[in-house]
Amino acid sequence: VVRNDALKRNLFLMTVSAANRIPLFVVGQPGQSKTLAATLLAGGRLSTKFQCEFAGHRLHFNLPLFSVISYQCSSMTTADSLDNHFEQAERLQRAASSKVHVL
């Protein structure tokens, strides 16, 4: 795994957003480490103790376990298919409160 700036940025934003249940849509050109960041988040590759530096301050987070529900959008994606996946994630979240389910 190459720790490039795109991967670090995507992983940071995905982790903070998911841990705080803030919706985040990650959109970008191929090769920007979007899928890799989601895979690392879902695969338990992160410690439950997360540290980072932001604006000169060291931040510490206690992270929950994440479960990523992948969805690859395309020009054929419909509003109904997105709604179905959001509803699936919501049902899973209600059923298992120890994990944060991320779409």
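Is Ser 17 buried or exposed? At 10% relative accessibility, Ser 17 counts as buried (buried means under 20% relative accessible area, exposed over 50%, partly exposed in between, with a 1.4 Å probe and protein chains only). The legends below describe a predicted model, in which local features need pLDDT of at least 70, side-chain atom pairs count only at pLDDT 80 or more, and totals for chains, interfaces and linings use all residues. Residues are numbered from 1 along each chain as its sequence is written, and side-chain values use heavy atoms, with hydrogens and water left out.

**View 1. Overall fold of the protein.** Three helices and four strands make up the secondary structure (helices are DSSP runs of H or I with at least four residues, strands are runs of E with at least two, and both are numbered from the N terminus). Their order along the sequence is α-α-β-β-β-α-β. Of the 103 residues, 25% count as buried. Among contacts between residues at least 6 apart in sequence, 52% join residues at least 24 apart (contact means heavy atoms within 4.5 Å). The protein exposes about 7,500 Å², of which carbon and sulfur atoms supply 55% (Shrake-Rupley method with a 1.4 Å probe; for residues, only the protein chains shown count as cover).

View 2. Leaving aside residues up to four places away in sequence, Ser 17 touches Ile 22 and Leu 24. Leu 13 is partly exposed, with a relative accessible area of 38%. Leu 13, Leu 24 and Val 26 make a nonpolar surface patch of about 200 Å². Patches are made of residues with over 30% relative accessible area and no salt bridge, with like charges joined within 9 Å and nonpolar side chains (Val, Leu, Ile, Met, Phe, Trp, Tyr) within 5 Å; a salt bridge is a side-chain nitrogen of Lys or Arg within 4 Å of a carboxyl oxygen of Asp or Glu.

**View 3. Buried face of helix H2.** In H2 (residues 34-42), the buried residues are Lys 34, Ala 37, Ala 38, Leu 40 and Leu 41. Seen down the helix axis, the buried residues of H2 fall within an arc of 160 degrees, so they line one face (the arc is that of the directions from the helix axis to the C-beta atoms). Their cover includes H1 and strand S3 (65-68).

**View 4. Two sides of helix H3.** Ser 81, Ala 89 and Gln 93 are buried in H3. These buried residues lie within an arc of 120 degrees down the axis of H3, and therefore line one face of the helix. The face turned away from the buried side carries the exposed residues Ala 79, Asp 80, Arg 94 and Ala 95.
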